[in-house]
Amino acid sequence: MARSSLPKPLWRRRLVLAVQLLIGLGVATFITLAIAVYVARASLPSFDELKSSPNGQTIRVHAVDGTVIASLGPSFGDWLPYEKIPAIMRDAMIAVEDRRFRSHPGVDPIALARITRFALENRGTGRRLQGASTITQQVARTIFLTNSYSVSRKLREGILALALERKFSKDQILELYLNKVYFGGGAYGVDAASRKFFGHSAEQLSLTEAAVIAGLVKAPSHYSPTADIDAARGRAGVVIRLMAENGKIAPGAAKRIDLTAVRFVPEPKQNSVRYFTDWALPQLDVLVDETTRPLEVWTTLDIEAQRAADAAVRTNAPAGTQGALVSLDRDGAVRAMVGGRDYVSSIYNRATQAQRQPGSSFKLFVYLAALEAGQKPEDAVVDEPVTINGWTPRNDSRRNIGETTLRNAFAYSINTVAAKIGEEVGFGTIADMARRFGITTNVNTQPAMVLGTSNVRLIEMTRAFASVANKGVAVTPYGITKVTANGVTIYAHEVDRSQVLVAPFVAQAMTDLLQTAVNTGTGKAAQIGRPVAGKTGTTTSTKDGWFLGFSSGLTTGVWMGRDDARSVPGLHGGTAPARAFAAFMKVAVAKRPVEQFDTGLTLPDAEAGLGEEEYFGEPDNGLFVDADGNPITPPSTEPLEQPGSDDPFDQAPTGGTIPPSPGQARGERLDDDWLDRALDRPAPQRRPPATPPAPRNQAERPTQ
């Protein structure tokens with residue numbers, strides 16, 4: 001029998017079959033890939049269409065006068081044709097990102113082999129290979145895909161890269177890449193990066209500058225000059241070395257390059273405007289349904305007022321404290337917003353996010369409830385010891401003056417009267433009044449709530465005062481007036497004037513009380529030479545100082561304190577916050593006509609027996625109450641520091657002297673005669689202070 005007729009061994013037949021299957025599979029794969037590439041190539045847009053395709057949404061923010069105050073989102077420079085891109089920039093990018101760019105078909109076989117080996121060696125470890133994509137693959141990913149990492153996305157990226165290479169030249173692909181790739185800092189394209197980091201067009205790039213920009217693509221956030229200049233220079237050194245290895249610069253010349261000589265454009269300083277834009281711009285998600293077209297956002301911010309607000313907070317906030325300010329126009333438009341002393345060091349917006357106790361500024365709601373219940377500013381009330389559910393408030397003077405008026409009690413922030421009003425109208429009614437006027441934080445209904453023990457936000461308190469100034473009609477803060485896309489208005493704000501919170505006469509009477517507090521009460525430091533109505537507030541151990549008020553159609557709220565809620569010696573609502581209010585308002589209302597309030601000013605009764613302690617009231621919230629306003633047992637019978645203060649001076653013992661104010665001679669006694677001279681009013685016939693009635697029982701006796 002012939003040797004050739006013998007059957008082949010089984011293993012050899014199987015090997016031949018396996019080879020045939022592999023060849024067949026390879027051919028099928030090649031055909032499938034060729035078809036996929038052909039189909040992808042046919043569906044690719046033209047080169048001009050790819051040049052104009054967007055990379056992301058840009059947003060320009062305008063102040064009320066049209067000035068651009070912020071530009072957000074990606075930034076794009078001029079589109080530079082291939083021949084206008086400096087050769088050193090092209091060479092640097094190829095050297096660091098894809099040294100075989102000119103020779104591979106869109107996918108680098110050597111890099112592909114490296115990926116395969118890496119994948120086999122690191123199965124199950126979760127590690128993935130970085131930097132293996134060619135420039136053409138990066139163009140495909142930038143224009144058509146996302147940065148999500150998956151095998152299917154990598155496969156689509158490779159097919160698109162092969163299709164791009166079949167349709168466009170290498171020069172066109174490199175032009176697309178250099179004009180679209182992200183270089184960090186919001187800059188897309190080499191021209192935008194050059195302008196951002198060096199302040200000039202990419203056509204003027206030097207070798208070292210080109211090396212810096214080329215080095216950014218690998219990790220824009222890490223190597224960005226705005227994040228770490230040393231890291232940017234170090235990465236540029238790597239690019240220089242790779243350019244020398246590729247023969248684009250002489251090795252000797254590469255060694256002589258001094259990267260420390262590269263000069264960067266300073267990053268623009270962030271200012272307090274960012275507090276406003278951080279608050280306003282997230283509202284776009286609700287206001288408009290547009291995520292691709294560039295947006296022009298027109299806001300309510302007044303640049304001159306914003307500068308004045310920033311200066312007022314910085315100048316007047318005590319050392320070691322923070323400050324915040326919000327100013328609303330009569331329709332709710334936010335004209336100024338400062339959320340802290342320095343946005344760079346702290347982006348936390350204390351005007352809209354912080355929740356702090358308001359002290360006696362919360363008495364706005366107490367007296368609104370009383371006025372709505374039928375009481376009038378001239379009504380007689382009795383300042384006498386009072387105990388409510390185990391809580392015994394006391395006045396700062398440690399005494400009571402007997403019969404007085406509602407106006408006097410408000411002007412001098414008499415605590416016992418506020419407590420009696422709360423018991424009479426109902427603490428739940430006062431909490432409802434606060435919620436009616438826009439307070440969204442939790443308001444407790446313990447008796448001590450009348451002295452401001454519930455946390456509130458500055459913008460909401462300012463809104464409440466603005467609604468009083470608006471004759472009882474609700475004011476809703478807003479910051480965006482109009483949004484346009486490609487010149488077409490897609491949103492326009494409409495002011496709602498339909499929600500009446502209290503009757504006009506109630507708001508008028510409240511304005512009467514607030515005006516009195518500024519003219520003769522604890523808010524005198526807020527005077528600006530035209531009618532002002534407002535209220536001070538200071539909390540336990542002088543942790544927080546507030547002033548909120550309005551004049552000429554503008555309502556402004558100021559808060560000062562420490563973020564850790566520690567005591568600030570000398571901080572009172574009538575000092576730094578009131579002075580900051582005045583400093584701001586003098587600028588903000590300078591071009592507005594003087595407006596008189598609907599109610600005439602009625603000064604507090606000069607014969608009410610009010611002494612210096614009532615005139616400069618001490619802190620008035622939280623005495624013997626916990627954080628929720630519940631009464632607690634005092635630790636001893638020794639005199640305790642009265643929590644919070646509206647006093648522009650430190651407290652002096654009854655009958656003592658007060659540090660001199662402007663116009664007061666040192667050592668001069670601050671008594672009724674001095675007040676008469678300071679207020680330029682005739683001195684009435686004096687009568688001795690009223691003697692408070694004797695307590696009916698021990699529980700009603702004020703703490704000494």
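Predicted model: local features only at pLDDT ≥ 70, side-chain atom pairs only at ≥ 80, totals over all residues.
In what order do the five strands of the open sheet stand? The order is E2-E1-E5-E10-E11, with mixed pairing.

**Stop 1: the sheet edges.** Select strand E2 (68–72) and strand E11 (488–492). These two stand at the edges. Each has a single partner strand, so one side of each lacks a neighbour in the sheet. Now look along the sheet: from one strand to the next, the twist averages 20 degrees.

**Stop 2: E5 and E10.** Select residues 295–299 for strand E5 and residues 480–485 for strand E10. The two run antiparallel, joined by five bridges. Pick out Glu296: opposite it, in E10, is Thr484.

**Stop 3**

**Stop 4: helix H3.** Move to residues 87–97. Is H3 largely enclosed or largely open? Eight of its eleven residues are buried, so the rest of the structure largely encloses H3. Among the buried residues are Met89, Arg90, Met93 and Glu97. Show the surroundings next. The buried residues of H3 pack against helices H5 (135–144), H7 (170–180), H8 (190–198), H9 (207–214) and H11 (229–245).

**Stop 5: Thr575.** Select the loop between strand E14 (554–561) and helix H22 (576–588); Thr575 is located there. Is Thr575 buried or exposed? Thr575 counts as buried because its relative accessibility is 5%. Finish with its side chain: a polar atom there lies 2.8 Å from the backbone oxygen of His572.

How values were computed. Residues numbered from 1 in each chain as written. Heavy atoms only, no water. Helix = DSSP H or I, 4+ residues; strand = E, 2+ residues; numbered from the N terminus. Buried < 20%, exposed > 50% of the residue type's maximum accessible area, 1.4 Å probe, protein only. Polar contact = N/O pair within 3.5 Å; in protein donor to acceptor, adjacent residues only side chain to side chain. Contact = heavy atoms within 4.5 Å. Pairing = 2+ DSSP bridges. Axes fitted to C-alpha atoms, helices over the stretch in contact; angles between N-to-C directions.
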